[in-house]
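Please look through the sequence and the structure below before reading on.

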Amino acid sequence: MSPLRVGVVGVGVMGADHVHRLATRTAGAELVAVADPDRGRAQALAADVGDAISVHADPLELVADERVDAVLLASPGAVHTEQLLACLERGLPVLCEKPLTMDAESSEQVVRAEQELARPLIQVGFMRRFDPEYAELRSMIGSQRWGRTLVLHQIHRNLSVPNPRFRSEMIVRDSLVHEVDCARWLLGEEITAVQVIAPAPTSHALEGVADPQITIFEMASGAVVTNEVFVNSRTGYEVRCEAVGESGSAIIGRPGSGIYTTAVDETGGGWGGRIVPDYRERFARAYDLEVQAWVDAARRGDVVGPGSRDGLAATLACSAGMESLRTGARVEVPQAPLARC
Ligand code: ISE
């Protein structure tokens, strides 16, 4: 079987990481094109990883490039709708970094456009579904070894977010969105209501940014999910999840055991051992497995993992989260039939 010729749109932090992944450790894939409005950046990256890689400043030119069989979209969410629709129109499999799009209307437009095709083409970049610990936790929950799972506690901390555009809403759309997908996927049910509570903000956050945020998801079965998202935690990248069942619980993402603190001391270390700096390291294996699964599926003419309907469901829950962030109220999540688990 010939390799899948992949084009990558957007070569910022995550796009560049995927470019290296595709060029060096994804079997059955050939990186043939990159696109970024910053052509110089795209050119430098292309030269770094190979030769004969086309460089485009216009992402739509890459989508139209005859050499491209499949597209990995790592561009900002605000430009996804147009780029996704272009991929669907050309019949190209696409791995789209989250969020699918920025609002429910455009996410629905994408889901409908995909449904008109003979087969689905979109995988959404919820990479945690490919993380071995998350996968194990999901099968433990599914086995009901501790009875029903009643509560999930999800912790999501970033070291810091230097981007001044990363305001309170971005914490919902860009960071909490992972917790939305994990809650739906781990528990196998929809989120019915969301409430965001903003504690006193850290002094490390920019003026006016609500960081950390505590968010509560009510699930269809009555289970409750608590989320702490703290993007200027100053400790490192910590993603943990504890599932609490009727007669037992399990926790993933905790590197040590016993008393564990991540507060950094004068030696630069914490009692809990080394904390990774960001998601590229914490989820490196998950990203590798995700991209490999996408390439394998595309070569078979298939699509696996989270699809556009999961992307729509995440958009609906995050839109409710943004409303709750503004008003402080509990907001119900519309149960769109297109977006069911
Ligand atoms: C980033 O876009 C990610 O996807 C990371 O997983 C998340 O931890 C971070 O907060 C986001 O900005």
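A search of the whole structure finds zero disulfides, a disulfide being a pair of cysteine sulfur atoms within 2.5 Å. This is a predicted model, in which local features need pLDDT of at least 70 and side-chain atom pairs count only at pLDDT 80 or more, while totals for chains, interfaces and linings use all residues. Residues are numbered from 1 along each chain as its sequence is written, and side-chain values use heavy atoms, with hydrogens and water left out.

The table gives two cysteines whose sulfurs are too far from the closest cysteine sulfur for a bond; buried means under 20% relative accessible area, with exposed over 50% and partly exposed in between (1.4 Å probe, protein chains only).

Tyr237 lies in the loop between strand E10 (224-230) and strand E11 (238-245), strands being DSSP runs of at least two E residues and helices runs of at least four H or I residues, numbered from the N terminus. Tyr237 also counts as buried, because its relative accessibility is 4%. Leaving aside residues up to four places away in sequence, Tyr237 touches several residues, including Arg128, His156 and Phe283, where contact means heavy atoms within 4.5 Å.

Among the contacts between helix H5 and helix H10, Ala104, Ser107 and Val111 are some of the H5 residues that take part, and Leu312 and Leu316 are among those of H10.
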